[in-house]
Amino acid sequence: MNANDQIIYLDNNSSTRIDPAVHEEMMPFLTTRYGNPSSAHRFGAHVKDATKLAHERMAALLGCEPNEIVFTSGGTESDNTALHSALHVTPDRRRVVTTSVEHNAVLNYCDAAVRRGCEVMVVPVDSEGHLDLTELERAIRPDTAVVSVMWANNETGVIFPLVEIAEMCRAKRVAFHTDAVQAVGKMPINLAEQPIQFLSLSGHKLHASKGVGALYVNRHSRFHPMLIGGPQENGRRAGTDNVASIVGLGKAAELAAATIEEENSRVRALRDRFESSLLRELDDVVVNGDRETRLPNTSNLAFTGVDAQAILIKLDQEGVCCSLGSSCTTGSVQPSHVLRAMHLTNEQARSSLRFSFGRFNTETELDRVLEILPRTIRKLRQLSATPA
Ligand code: PLP
């Protein structure tokens with residue numbers, strides 16, 4: 001399928017469309033402004049100015065200092081780097097505490113850490129997707145190198161009480177990392193007010209390009225880089241800067257800071273109309289995760305008795321894009337680990353789809369989806385009720 005105009009893209013937690021203003025800002029660095037920002041000549045220095053501005057714009061969005069931003073290749077690298085650094089700077093501490101609903105960029109890193117002799121404590125969530133804070137507090141022992149808890153969940157949108165968790169880690173003198181890949185741009189963040197050592201974000205969730213992200217490293221935190229080589233990013237991430245993407249991410253941060261409030265209320269209204277209309281029109285639809293403490297754009301729905309893969313295929317044929325859960329596990333027959341951690345049965349998890357709204361969705365698109373989706377569910381339910 002090519003005609004982008006014909007698709008209705010409700011998969012913004014998987015990736016977002018590059019904002020035209022971001023694209024425009026990137027273009028010179030893919031064409032005429034190709035100097036290396038580390039070069040001593042003026043042609044390079046101009047490029048360096050552009051990456052410096054990107055640090056400033058990102059810092060303004062997060063409420064931190066520009067030199068606390070380390071640009072990376074994305075959320076995965078940022079997550080890996082934070083955990084790698086924390087384990088490296090405290091070699092006497094071999095314990096990592098995390099949650100059962102983290103992205104694989106954290107969970108699979110933890111599995112690898114276990115194979116290297118670390119101990120990982122995975123704290124459970126309840127059926128609404130909320131973390132058991134008592135259990136979390138109990139899990140943080142003096143031998144804990146780092147606590148890694150996501151800010152908002154990519155599948156359900158459920159938001160964790162980050163301020164409380166960060167305070168808990170500070171009281172216990174343990175480093176705290178948050179995977180804020182889904183939170184940045186969708187909720188206000190002010191790092192100046194929070195005792196967070198590391199925060200990960202990703203460009204392509206924020207209307208910038210794929211393959212770029214950032215790690216916030218608190219200026220008082222000890223840090224050990226994962227990539228070793230040149231002195232880029234103040235010696236914290238070696239490798240020639242991905243200039244065009246970094247510049248684009250800076251612009252995306254500036255746009256997010258300027259539009260966050262207005263955009264979130266618009267997107268929330270779309271999402272809420274979507275859900276209330278479906279719940280009114282169809283029986284046996286369940287919203288997965290706490291409906292209140294949730295990102296404004298995310299809707300994870302179980303269509304009881306219907307195979308989500310069948311729905312996804314039908315919607316795809318009509319040009320509607322949504323997701324079976326974390327896109328990284330799409331194609332695998334395993335039900336989502338997030339929904340399973342929330343005690344959904346395999347059957348409930350397999351009947352669940354994620355719809356994630358974004359900047360470019362419109363009321364007209366929603367009208368169309370609200371015409372297609374109920375019809376599709378009714379049809380699939382009819383088919384499964386018909387004896388073979
Ligand atoms: N963390 C979360 C919560 C995510 O949703 C994702 C991407 O889906 C990642 C990390 C990985 O980010 P990236 O695709 O930039 O590596």
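These legends describe close-up views of a predicted model.

In this predicted model, local features need pLDDT of at least 70, side-chain atom pairs count only at pLDDT 80 or more, and totals for chains, interfaces and linings use all residues. Residues are numbered from 1 along each chain as its sequence is written, and side-chain values use heavy atoms, with hydrogens and water left out.

**View 1**
The ligand is surrounded by 13 residues. The closest are G75, T76, D179, S202 and K205. By class, the shell holds 2 nonpolar, 8 polar and 3 charged residues. Here Ala, Val, Leu, Ile, Met, Phe, Trp, Tyr, Cys and Pro count as nonpolar; Asp, Glu, Lys and Arg count as charged; the others, Gly among them, count as polar. Helix α3 (residues 75-89) gives the largest share of the shell, 3 residues. Helices (H or I, at least four residues) and strands (E, at least two) are DSSP runs, numbered from the N terminus.

A polar backbone atom of G75 is 2.8 Å from an oxygen atom of the ligand. The side chain of D179 has an N or O atom 2.6 Å from a nitrogen atom of the ligand. For Q182, a polar side-chain atom lies 2.8 Å from an oxygen atom of the ligand. Taken alone, the ligand exposes 390 Å², and the protein buries 88% of that. Accessible areas come from the Shrake-Rupley method with a 1.4 Å probe; for residues, only the protein chains shown count as cover.

**View 1. The nonpolar cores.**
A nonpolar core is a set of buried Ala, Val, Leu, Ile, Met, Phe, Trp, Tyr and Cys residues joined through side-chain atoms within 4.5 Å. Buried means under 20% relative accessible area, exposed over 50%, and partly exposed in between (1.4 Å probe, protein chains only). The largest core has 66 residues. M58, L62, L136, W151 and L199 have the most contacts inside it. Helix α8 (residues 243-281) supplies the largest share of this core, 9 residues. A second, separate core of 27 residues includes V287, L301, F303 and C322.

**View 2. L199 and its contacts.**
Contact means heavy atoms within 4.5 Å. Not counting residues up to four places away in sequence, L199 touches L62, W151, H177, T178, A180, V184, I189, L191, A214, L215 and Y216.

**View 3. T144 in strand β5.**
T144 is found in strand β5 (residues 144-148). T144 is buried, with a relative accessible area of 0%. Leaving aside its neighbours within four places in sequence, T144 is in contact with R93, R95, V97, A139 and V174.

**View 4. N300 in strand β10.**
Strand β10 (residues 298-303) holds N300. N300 counts as buried, at 1% relative accessibility. The N300 side chain reaches the backbone oxygen of E155 at 2.8 Å. Not counting residues up to four places away in sequence, N300 touches E155, T156, V286, V287, N288, L339, S352, L353 and R354.

**View 5. Two histidines with positive phi.**
H207 is not a glycine, yet its phi is positive, about 70°. H207 lies in the loop between β7 (198-202) and β8 (213-217). H207 counts as buried, at 5% relative accessibility. H343, also a residue other than glycine, has a positive phi near 70°. The loop between α10 (337-341) and α11 (346-350) contains H343. H343 is exposed, with a relative accessible area of 55%.

N108 is found in helix α4 (residues 104-115). N108 is partly exposed, with a relative accessible area of 43%. N108 and D284 are 176 residues apart in sequence and 34 Å apart in space, C-alpha to C-alpha. H88 is found in helix α3. At 41% relative accessibility, H88 counts as partly exposed.

Technical notes. A residue is near a molecule or strand if one of its heavy atoms lies within 4 Å of it. A polar contact is a pair of N or O atoms within 3.5 Å; within protein, one must be able to donate a hydrogen and the other to accept it, and residues adjacent in sequence count only if both atoms are side-chain atoms.
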